[in-house]
Amino acid sequence: MVQARQRRLTAGSRGAFVGRPGKPGRSRRPGHPARPGRLGTPRRRLLLALLLPGLTLYTLFIVYPLVSALQYSLFRWSGTRQSGFAGLANFGDLFTRYPLSEQVWRALEHNVLFFVGTMLVQNTAGLTFAVLLHRSRRGKRFLQTVFTLPHMVSPIVVGYLWSAMLNPQFGVVNATFRAVGLDALAQPWRGDPNLALPVAICVNAWQWIGFPMLLFGAALAGIPEEYHEAARCDGASAWHTFRRVTLPLLTPAIGIVSVLTFVGNFNVLDLIYSLEGSQGNPAGATDVLGLLFYRTAYQNPDANAIGQSSALAVCMFVLIFGTALAASRVFRRMEDRLK
Amino acid sequence: MRRRGALFAALSVLAAVALPACAPSTDGGSGDDKVNLTVLSWRPEDTTGYQKIFAEYQKSHPNVRIDFKGIKATDYLAVLPNEVKKAQGGPDVVQLKPYGPIQSLIQGGDLVPLDGKVDVSGWPAETLDAAKGRQDGKLYGVPFALQTIQVLYNKKIFADQQINPPTTWEELVAACDKLKKAGITPMATSGLQPWVLAIAHQIFGATRYGAADFSAAAVSGKKTFTDPDYLASLEVVKQLQPYFPDDVTAVDYPDAQALFTSGKAAMYPGGSYELGPFEKTSPDLDIGFFEAPPAPGSKVDHPVTSGWVDGSYGISAKSPHQAEALELVKWMATKEFGQQFADQLRQISAVPGTTPSDPTLAQMLKNYQDHGVPYMMLVSFGYGNPLGRDVEGTALQKMLNGDASASEAGKEIQKGIRAWFKPGSGG
């Protein structure tokens, strides 16, 4: 779902970036003055009718599940039956009842590390590749396609694929290291608590690197060449031009990439599940909020599993939605300062 | 006129999308007056076998048609609660995971109590416990399979290396050393999956901690998981680490299976449930088994076979065909079903008096009946969050990674179990 969302937003925002510089703000076409205050006009009714199908589907499949999760979280459950209003007791359980009280914080910490790691590895490399590709003339399309290819594969498949490659017995990674005499580098990649999370970050970056690369590439194409020429005329070095001209103008793209990376990383489940199983092995070293939710909901013998897992889902939603909203505001303000 | 048209078009799009979702599912729709019973299972691989078993039943019960619906085992626990909630089109008879996971369905009122309705006289109490409500003590399912755990071995490798199945701990260690010297991984197991490690611990450590006596003492609260004997049993697994595959904590469950079936590893601490899949992947593999000899200092001086009930068949409270569903479940408690189950599916049936046709399984069952002990972490400590086997397996993982000592692991296990387990009450 996250990938689908990312893909959709990639497609949408690409156009926006390309066409951005020099384009005036929202202007109305002459001859079509707005008609404020005339509610219930036939035109409005037509709009409503056209909106209705989409709105109904959205309500049915997005709003209703969200509201029902909130409702579930406020009740105590006996198996699949509600057994009385619980108030905030389920939320209390999350933070006071062992083992949830420890697992929630551990999972959150891993999500933060996963996000920071992804920003550093995936998005930095994505930006670098975008800049290099922007300058290169040959093979641009080909390389773009190659980098974006893992996008098309489900994270579950990517997870199992890398599990096989990182396998200590049959895997190609350790076999390669051993073949060239680098035995010391042949590690228990998925089994060492210190390596497991960095490995997951790298696999995740491998899959999604094409996404920031495309977005940054489109944004780079939208920066007029004159800016760079002017900077060069003023005697700026290549690094200075990038740091003082290109990077600030990439703020909108950086904002979008960061927010989407954040949302995707904090919802991550499938990749970690296929790499390390539902327990976030080894010994919980890769446990993230998504996995904890999965376990609390479906592998939890507690009769109140639905209540607890719904409370966790609501917390996750508030955290992700709230942070994404705040971050978007900050980035918008930074964009405004650019104008 | 055009506006109307647009409105109409919009509404018809909406109707086209929304209406199919509201349509009631028809019951079979085959037109005859047979009753369709849906049996929900987490073993899609058994579909052909069950079709044969149910064909027999349908001969004597011409008024029913049984539809066996398999759902992937890893999805089953997530799917089942929704299936039994369906007002229409849900399953009639469902496979139930034993011990802990069945409890929330019972408390939710999703299952029908079977006391007095099915004939389970003569069944061992510990078999029926797997399908009982922890709170009300009622029976909600007819157990169908038993699993036992022991050490499987590759007969060809043992013959080539001139090794006999060990009967003492010294022989086991000597066999492992010999295999290792010959470049063969002595034992394949998965250190990445906590539940596999917990099973390895039960196989090699049960005699060390005192098997059934210890689990009874732990249930009553007389002993805890920081008991020196229990800690020493954790240590037994750690001592075997040199004989596990290299980097065992990175070895996944399928990898461990592959190491054994490909002949790279000579032994495999595992369950009766592995035989079927192993035979499917490598039909030529000649598998034998032995019971792990007691480790030095063991509280029990003879080998034991640990086991548990793998699941049971219950009736969904929402089933519109209660009478027919009960008739089927009653039949599942008979020897006729039990024997067919054992023959067709190559498993150990839970029905007393049935014998698996497979000689290996038959011997495993005989050992279990003879000197069987419960798999403690599932049978007694599988009723709360965290599950006994998960918390034990995770602690063992830390030990194998060198991040925890046995006493630290014991403390962690005790802390996890005590989060939900009240001694004496049985949780």
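Helices (H or I, at least four residues) and strands (E, at least two) are taken as DSSP runs and numbered from the N terminus. The structure is a predicted model, in which local features need pLDDT of at least 70 and side-chain atom pairs count only at pLDDT 80 or more, while totals for chains, interfaces and linings use all residues. Residues are numbered from 1 along each chain as its sequence is written, chains are lettered from A and ligands numbered from 1 in the order in which they are written, and side-chain values use heavy atoms, with hydrogens and water left out.

In chain A, A:S274 is located in helix 13 (residues 270-276). With a relative accessibility of 3%, A:S274 counts as buried, a class defined as under 20% relative accessible area, with exposed meaning over 50% and partly exposed in between (1.4 Å probe, protein chains only). The side chain of A:S274 reaches the backbone oxygen of A:L271 at 3.0 Å. Leaving aside residues up to four places away in sequence, A:S274 touches A:P155, A:I156, A:G159, A:Y160 and A:S163; contact here means heavy atoms within 4.5 Å.

Chain A is divided into domain 1 (61-96 + 300-339) and domain 2 (104-299), with bounds that come from an automatic or database domain assignment. The centres of the two domains, taken over C-alpha atoms, are separated by 27 Å. In the interface, 20 residues of domain 1 are in contact with 24 residues of domain 2. Between them the domains bury about 1,700 Å², 82% of it on carbon and sulfur atoms, where buried area is the accessible area (1.4 Å probe) that two parts lose on being put together, summed over both. The count of salt bridges between the two domains is zero, a salt bridge being a side-chain nitrogen of Lys or Arg within 4 Å of a carboxyl oxygen of Asp or Glu. On the side of domain 1 that touches domain 2, helix 3 (89-96) and helix 15 (305-338) of chain A each supply at least two residues, and the largest share, 16 residues, comes from helix 15.

In chain B, strand 8 (residues 305-315) is largely enclosed by the rest of the structure, because 11 of its 11 residues are buried. Strands are considered paired if DSSP finds at least two bridges between them. Strand 8 pairs in the antiparallel sense with strand 3 (residues 93-96) over four bridges, with B:Q95 opposite B:Y313. Strand 4 (residues 142-154) also pairs with strand 8 in the antiparallel sense, over seven bridges; B:P143 has B:S312 as its bridge partner. The pairing of strand 8 with strand 10 (residues 372-374) is parallel, over three bridges, and B:G307 is partnered there by B:P374.

Definitions and conventions. Polar contact = N/O pair within 3.5 Å; in protein donor to acceptor, adjacent residues only side chain to side chain.
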